[in-house]
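Let's take a walk through this model together. Keep the sequence and the 3D view at hand as you read.

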Amino acid sequence: MSRRLERRPAFAVTVTVVFFAWLYLPIVAVVLFSFNSVKSLATFQGFSTRWYVDFFHDSSLITSLTASLGIAAVAAAGSLILGTMLALGLERIRSRSGRAIGAVTLLPLVTPEIVTGVAALLFFTGLGMKLSLVTVTLAEITFSIAYVTVIVRGRLASMSPEVEEAARDLGCTPWQAVRQVILPTLVPALLGSGLLVFALVFDDFVLAFFTTGVDPQPLPVRIYSSIRFGVSPAINAVGTLMLAFSALLIVLALLVPRLFHRKTSTLDLIAGGERP
Amino acid sequence: MATREVTRPSAPATPPAGRRTSVQRTKLWGTLLALPTAWIVGFFVSSMVIVVLLSFGRTQRDGRPVFGTRLTNYDALWNEVYLRLFLRSLTYAVVTTLICALIAFPVAYAIALHGGRFKSVLIAAIVVPFFASYLIRMYAWSALLSDDGVVNSALRKAGLGGVQFLNTPYAVIGGLVYGYVVFMILPVYASLERMDLSLIEAGKDLYHGPLRTFFSVTLPATRAGLFGGMLLVFLPALGDFVSAQLLGGPKTYMIGNLIQQQFLEGQNWPLGSAMTVAMMIGLTVLMVIYLRATTTRNREQA
Amino acid sequence: MTTTDTQLTHDPATAESPAVSLRALTKVFGKETVVDDLDLDIASGEFFSLLGPSGCGKTTTLRMIAGFTDPTSGTVMVGGEDVTSTPPQKRDVNTVFQSYALFEHLDVRRNVGFGLRRKGIDRRTIDQRVGEALELVQLADRADDRPAQLSGGQRQRVALARALINRPQVLLLDEPLAALDLKLRRAMQLELKSIQREVGITFLFVTHDQDEALSMSDRIAIMNGGVIEQCGTPEHIYENPTSVFAAGFIGTSNLMPGTYGDGVVQVCPELRVPLLAGHGLTGGEQVSVAIRPEKIWLSELTPAMVQVPGTVVASTYHGATTQYLVDVAPDVTLTVLEQNLPRMSTGDRWTPGSRVQIGWLPEHTVLLR
């Protein structure tokens with residue numbers, strides 16, 4: 001089906017082209033100067049991988065990287081479990097209290113991240129917990145549940161309730177229907193939202209900034225403190241690696257439903273652009 | 001009717017309502033809800049309560065915050081420095097939201113209606129960098145715009161002399177727009193996708209000229225997406241502190257920077273809590289007003 | 001009213017227990033009574049249709065038999081056993097859903113074998129019965145495909161095989177043909193009927209399509225507003241509708257309200273329709289009479305017929321038949337359907353404006369109250 005109108009609006013197309021240039025200009029600059037052989041951020045003097053070598057030899061940066069990967073993995077797994085349970089419960093429960101719960105659980109999505117960060121900081125210190133990677137992980141799980149819930153609910157809503165009834169009809173208890181039919185059908189959405197959360201948590205700065213201890217720090221917090229001391233090509237290298245890694249995860253998250261031959265992609269769920 | 005008068009020989013009496021096991025209802029959904037709800041209430045809701053409680057507290061001599069029932073922290077917010085800063089944050093967030101709308105509309109329009117086969121690719125090309133590290137992208141701008149960055153050295157080479165970009169409101173707002181414009185593009189794009197294209201065609205016949213068609217057909221049809229997007233940009237923009245931290249300076253600090261200082265530099269947690277609560281109250285009031293206004297307008301539209 | 005043809009229940013003393021028995025079944029959603037004190041018996045091996053417009057309560061009735069909806073009151077029995085409080089997975093019924101509800105993550109073979117696997121039947125038996133079921137619906141060559149790769153008609157067959165393979169007491173079909181195009185629907189109607197004869201399982205078929213119900217069913221129950229208006233064989237319902245709704249819903253009828261008096265129903269001053277004896281009406285009663293369009297003659301009238309003069313106001317050629325609209329009184333226009341017989345030529349058809357004499361046999365006047 002073609003949604004093409006005969007004439008291209010010159011203004012809109014121009015804005016779009018400029019927009020894409022603006023969108024990618026800083027990213028291209030970061031990547032380019034990460035391969036600069038000298039410390040200058042203004043002129044490219046020659047190709048070199050010395051900043052990457054520096055990065056891989058900096059054991060404290062590597063520790064931060066490992067910490068961030070660990071946090072992201074645990075947070076993705078935790079929020080996937082909790083968020084899916086929430087999505088299933090909210091989508092099927094019919095009571096008024098169920099809807100109220102639904103509203104409360106989406107609060108983290110509309111709360112500015114700094115508020116969540118401050119609240120988490122007070123919560124953990126109030127409980128007498130020592131700030132560490134554990135507190136970061138707990139905070140990230142809490143923040144990420146809503147993302148999983150939104151994506152999984154979107155997929156559930158597009159699933160006919162008759163599918164679940166068919167499972168019951170063919171001999172499943174409610175729980176067996178969930179395990180044998182609903183969850184397998186949700187696999188692409190689960191993978192997609194898991195990858196998305198992994199990327200979001202891996203990159204997250206604000207929440208980690210408020211809830212982390214002194215050492216080891218998650219990678220974004222570590223980078224933030226170096227940025228405050230000034231721009232350096234080494235940060236360009238780390239930044240390039242982080243951008244590439246997140247981009248890879250997001251592209252995967254977007255492509256997952258395609259790999260399963262599903263018509264609805266994660267992108268549709270994010271963009272809400274699913275065609276009727 | 002005869003159909004009602006049948007004898008019921010083999011039918012046993014209906015079991016009493018209380019003992020009847022429900023066929024349809026199951027405890028499963030409630031059970032599934034219990035754990036995540038407990039988690040969110042336990043962590044998120046209760047942590048919010050702590051913020052509110054501490055906002056009435058004070059800092060002891062040894063620097064430890066304690067709960068209390070005093071309004072001193074809120075009184076402290078009423079001074080010219082803070083109020084100017086609040087006003088500045090609000091201005092930045094509003095300007096950011098408007099600029100995002102101005103960018104999002106033509107971009108979403110061009111992609112939705114003229115993207116053809118590349119629509120998904122183009123949208124993905126917008127989404128991917130936006131979900132990748134916000135911090136690195138802010139850093140990228142600060143590197144580009146710094147005094148010895150690419151832009152300034154190019155300007156100097158061209159004999160135009162250097163321009164100070166960083167530490168200006170323009171840089172901070174630019175960073176905010178760069179950070180959050182995707183939240184405007186996606187909902188506007190979604191509503192354009194759902195729009196009936198024949199409306200635009202009809203509008204072109206009816207109103208002559210693309211500009212009048214835009215204002216009388218396209219804009220109203222995508223109103224919901226636009227209103228939703230404005231909220232999604234405004235909320236995080238108002239609470240942001242990274243853009244002002246990396247692209248601005250003390251003269252461009254926003255509420256987020258102020259709060260961050262109370263917690264991680266100044267160590268006045270009760271004051272920081274009061275600022276946080278004040279911001280949340282302000283946001284809630286603005287949101288209620290905004291939602292009231294937009295839903296009635298949407299209803300009138302419908 | 002005590003017409004024997006609307007008997008919905010079997011005499012338990014003489015028949016084996018019916019496949020499905022509903023007693024005083026009622027469902028109330030909020031303030032709305034969707035199914036109202038319903039009694040119904042469906043005999044074993046019967047192809048039974050619940051026919052009615054959307055919102056008449058037919059799907060809710062089906063869902064209560066399947067166990068997806070709790071009745072507000074009343075009982076559901078399957079094979080003589082009260083299953084009112086039995087969860088769906090333990091009822092000896094299976095359902096073919098309107099949306100087919102296939103499991104997208106399983107191939108056709110596993111979709112069809114799903115119910116047997118749940119019952120813990122050994123793999124070899126499952127494989128064999130899946131093979132048979134797929135033969136039955138002519139899909140043996142698509143066993144390894146995913147549902148997404150199948151056409152609408154094929155998906156429908158998979159849904160049928162997946163339900164049938166469990167050999168339930170009753171197969172419930174919820175408008176299973178609604179999503180197919182007309183040609184495929186006709187073909188599937190024939191096929192469903194022949195499959196039902198082959199397997200001998202009781203089919204309870206829910207539809208809003210009267211053609212579908214007429215052509216497939218052993219018996220039909222016409223539902224409206226949560227109650228059964230009439231129940232009987234297709235022929236009986238068509239020939240002897242007992243309510244205005246049934247007469248209007250099945251086929252087309254010339255429906256004329258009027259007042260009874262003196263052996264005739266006075267429709268308007270110009271039109272009086274005589275009734276055969278034995279109607280048991282008293283003078284002044286408000287009733288309706290209905291006459292099927294194909295029962296009215298435009299020529300070769302006999303003295304035994306009720307005869308009325310009229311004017312042709314429109315004629316539409318339909319190939320095998322021609323449909324006329326005939327004014328018989330200022331406010332009464334009758335639809336008449338005439339067969340285009342081989343001996344007739346174009347010139348034999350009436351043109352608008354023609355004065356005609358129409359007639360029908362008195363036994364074709366259907367009395368509705």
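## Where chain A meets chain B

On the side of chain A that touches chain B, helix 1 (residues 10-34) of chain A gives the largest share, with 16 residues. Please bear in mind that this is a predicted model.

How much area do chain A and chain B bury between them? The figure is about 8200 Å², and carbon and sulfur atoms carry 80% of it. In terms of contacts, 92 residues of chain A touch 93 residues of chain B. Polar contacts also cross this interface: six residue pairs, both partners at pLDDT 80 or more, qualify.

| Interface | Buried area | Share on carbon and sulfur atoms |
|---|---|---|
| Chain A and chain B | about 8200 Å² | 80% |
| Domain 1 of chain C and domain 2 of chain C | about 630 Å² | 54% |

## The two domains of chain C

Chain C splits into domain 1 (4-244) and domain 2 (252-368). The C-alpha centres of domain 1 of chain C and domain 2 of chain C are 39 Å apart. Contact between them involves seven residues of domain 1 of chain C and eight residues of domain 2 of chain C. Together they bury about 630 Å².

One salt bridge is counted between domain 1 of chain C and domain 2 of chain C. Glu239(C) and Lys295(C) also form a salt bridge, with their closest N and O atoms 3.3 Å apart. Helix 7 (residues 234-239) of chain C makes the largest contribution to the side of domain 1 of chain C that touches domain 2 of chain C, namely three residues. Polar contacts across this domain interface come to three residue pairs, with both residues at pLDDT 80 or more.

## Local features of chain C

Helix 1 (residues 58-66) of chain C is mostly covered, as seven of its nine residues are buried. Among them are Lys58(C), Thr60(C) and Thr61(C), and the buried set also includes Leu62(C), Met64(C), Ile65(C) and Ala66(C). After helix 1 of chain C comes Gly67(C), with a positive phi near 100 degrees.

Glu175(C) is not a glycine, yet its phi is positive, at about 45 degrees. This residue, Glu175(C), sits in the loop between strand 7 (170-174) and helix 5 (182-199) of chain C. Is Glu175(C) buried or exposed? Glu175(C) counts as buried because its relative accessibility is 8%, below the 20% cut-off.

Glu300(C) is not a glycine either, and its phi is positive, at about 55 degrees. Glu300(C) is placed in the loop between strand 14 (286-291) and strand 15 (306-317) of chain C.

## Two spots in chain A

Thr240(A) belongs to helix 12 (residues 233-259) of chain A. With a relative accessibility of 10%, Thr240(A) counts as buried. Its side chain makes a polar contact of 3.3 Å with the side chain of Ser34(A). Beyond its neighbours within four places in sequence, Thr240(A) is in contact with Val30(A), Val31(A), Ser34(A) and Tyr52(A).

Which two residues of chain A does a cis peptide bond join? They are Asp215(A) and Pro216(A), with omega at about 0 degrees. Pro216(A) lies in the loop between helix 10 (206-211) and helix 11 (219-228) of chain A.

## Chain B and its confidence

Chain B has 14 helices and two strands. Of its 302 residues, 51% count as buried. Among contacts in chain B with a separation of 6 or more, 65% link residues 24 or more positions apart.

The mean pLDDT of chain B is 83, and 88% of its residues reach 70 or more. Where in chain B is confidence lowest, and where is it highest? The lowest is helix 9 (residues 197-207) of chain B, at a mean of 70, while the highest is helix 7 (residues 169-180) of chain B, at 95. Over residues 1-23 of chain B, pLDDT stays under 50, and the model has 47 contacts beyond four places in sequence for them. Where pLDDT is low, the predicted coordinates should not be read in detail.

Note on methods:
Residues are numbered from 1 along each chain as its sequence is written. Chains are lettered from A and ligands numbered from 1 in the order in which they are written. Side-chain values use heavy atoms; hydrogens and water are left out. pLDDT is the predictor's confidence in each residue, from 0 to 100. Helices (H or I, at least four residues) and strands (E, at least two) are DSSP runs, numbered from the N terminus. Contact means heavy atoms within 4.5 Å. Buried means under 20% relative accessible area, exposed over 50%, partly exposed in between (1.4 Å probe, protein chains only). A polar contact is a pair of N or O atoms within 3.5 Å; within protein, one must be able to donate a hydrogen and the other to accept it, and residues adjacent in sequence count only if both atoms are side-chain atoms. Domain bounds come from an automatic or database domain assignment. Buried area is the accessible area (1.4 Å probe) that two parts lose on being put together, summed over both. A salt bridge is a side-chain nitrogen of Lys or Arg within 4 Å of a carboxyl oxygen of Asp or Glu.
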